Amino acid sequence: MRIPKVKTNPSIYCDYSASAPLRAEVRVAMTEIDDHIFGNPSSIHQPGQAARVALERARKSLAQSIGAKPREIIFTSGGTEANNTVLWGLLKPGDHVVTSLIEHPSVQGPLKRLQKQGIKVTQVSPAATGEVLADEVAKAIGPHTRLITIMAINNETGVVNDLTALGALAAERGVIFHTDAVQALGKLPIDVIQCGIHFLSASAHKLGGPNGVGLLYARQMIPFQPLQSGGSQENGHRGGTENIAGAVGFAKALGLAVEEQEALYQRHLTFRKTFLRELTEEQTDFSVNGSGSSPGVINLRLPGISGHALVMNLDAEGIAVSYGSACASGTPKPSHVLRAMGLDEAAASQSVRISFGYGTTEAEVIRVARVLAQVVLRMAPSIPGVTSDVTWKVEASA
Ligand SMILES: Cc1ncc(COP(=O)(O)O)c(C=O)c1O
């Protein structure tokens with residue numbers, strides 16, 4: 001089959017929160033598997049057992065990086081499936097769940113459907129900084145609360161929630177604690193025992209691993225129903241032959257992310273300062289949405305500028321950023337996260353997300369800031385609407 005080539009400008013990719021490019025080391029590790037491992041890990045013959053060994057090595061390495069036991073790691077097709085598994089598998093009519101207004105649609109969607117089946121849901125508002133505070137979650141807990149599900153890092157703002165405080169609260173009140181850590185795994189140290197986490201969702205493609213692989217950490221002894229039955233794989237928690245190359249690629253990507261975690265954090269801190277300084281020097285009118293607790297994610301508000309049009313204009317310049325989250329960016333609706341943080345509809349629609357990753361360079365950061373400043377200048381006369389012309393070129397240095 002011929003794969004159609006998408007024509008792109010020499011591009012700068014600043015949308016790592018949506019998905020990170022596959023890391024070269026991950027590709028090598030996955031190719032090695034694809035070239036040599038073909039057996040079914042459930043088969044008892046040697047090719048099957050070779051696949052089993054590769055799968056279990058990957059599981060062990062992933063488990064170690066979050067302080068879990070290997071048997072507590074369930075491979076899934078990604079973060080969405082991990083979130084759905086825990087919500088559908090755990091909750092029964094009459095149960096109450098405490099969640100937040102800033103969760104990813106893969107948590108909000110299933111909860112909305114579960115509500116129709118008699119599950120009660122309370123959505124806590126974040127503070128104006130974007131953080132979901134444990135004190136607010138505490139107020140929402142009632143006698144029937146079975147689960148707290150609060151994300152570790154918000155995908156749109158990069159705001160980090162205090163997992164230790166949330167875990168301690170859950171332990172104190174005898175409630176199960178799930179966190180969607182899709183944006184957090186590899187970016188901050190997480191120990192599931194120290195943080196009091198019972199369930200954790202993660203995904204490989206946010207780290208430079210492959211698409212279509214994720215995991216659910218499920219604390220031993222907490223029973224839940226599988227979302228996908230029909231096979232006894234993954235200790236009966238998820239039927240279906242496992243994706244060996246995917247699991248190995250995920251483990252490799254997380255290993256690299258953990259090794260580079262501190263250095264990358266410091267680099268992103270510098271990039272953030274550089275980016276905001278450049279915008280200030282260009283006299284761009286902007287503000288930052290959220291507390292900025294993950295330095296690699298900048299949610300920028302540009303008064304009077306349509307965020308959606310800005311993303312298209314930057315794309316025409318070969319710069320990839322996003323309007324809200326990637327999943328929502330096909331539909332230009334103002335972000336539910338920014339609205340929950342108190343921005344009105346107009347302010348929320350004047351915002352874009354810039355996210356750096358392992359491959360971002362300082363030269364790219366400077367170029368993005370300068371081009372963005374010039375694009376905004378060109379768009380400004382069209383306030384408050386959407387610019388019609390997305391094809392003009394910007395002469396930006398650096
Ligand atoms: C916070 C969060 N949760 C869940 C998901 C879904 O993960 P996946 O794409 O692996 O299904 C994403 C992806 O954008 C995310 O950012």
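Predicted model: local features only at pLDDT ≥ 70, side-chain atom pairs only at ≥ 80, totals over all residues.
Figure 1

**Figure 2. Domain 1 and domain 2 of the protein chain.** The domain assignment of the protein chain gives domain 1 as residues 24-256. Domain 2 takes in residues 261-381. How far apart are the C-alpha centres of domain 1 and domain 2? These centres are separated by 28 Å. The domains also touch. On one side of the contact are 20 residues of domain 1, and on the other are 21 residues of domain 2. Look at the side of domain 1 that touches domain 2: its residues divide into 8 nonpolar, 9 polar and 3 charged.

**Figure 3. Helix H3 beside helix H4.** H3 covers residues 79-90, and H4 covers residues 105-115. Their axes come within 9 Å and cross at roughly 30 degrees. Angles under 35 degrees count as roughly parallel. H3 and H4 are therefore roughly parallel to each other. Their crossing is right-handed. From H3, the contact uses Gly79, Thr80, Asn83, Asn84, Leu87 and Trp88. From H4, it uses Ser106, Val107, Pro110, Leu111 and Leu114. This contact of H3 with H4 has 6 nonpolar and 5 polar residues, with no charged ones.

**Figure 4. Helix H1 against helix H7.** H1 spans residues 24-36, while H7 spans residues 244-281. The two helices pack at an angle of about 155 degrees, and their axes lie 9 Å apart. That angle makes H1 roughly antiparallel to H7. Is the crossing of H1 and H7 left-handed or right-handed? The crossing is right-handed. Which residues meet here? H1 brings Glu25, Val26, Ala29, Met30, Ile33 and Asp34. H7 brings Ile244, Ala245, Val248, Gly249, Lys252, Ala253 and Leu256. By class, the contact of H1 with H7 holds 9 nonpolar residues, 1 polar residue and 3 charged residues.

**Figure 5. Helix H8 across helix H11.** H8 runs over residues 307-316, and H11 over residues 362-379. They pack at an angle of about 125 degrees, with axes 10 Å apart. That makes H8 oblique to H11. H8 passes H11 in a right-handed crossing. Four names stand on the H8 side: Ala309, Leu310, Asn313 and Leu314. They meet Val371, Leu372, Val375 and Met379 in H11. How do the residues of the contact of H8 with H11 divide by class? There are 7 nonpolar residues and 1 polar residue, and no charged residues.

Methods. Residues numbered from 1 in each chain as written. Axes fitted to C-alpha atoms, helices over the stretch in contact; angles between N-to-C directions. Parallel < 35°, antiparallel > 145°, perpendicular 65-115°, else oblique. Left-handed = near helix turned anticlockwise from the far one by under 90°. Contact = placed C-beta atoms within 7 Å. Nonpolar A, V, L, I, M, F, W, Y, C, P; charged D, E, K, R; others polar. Domains from an automatic or database assignment.
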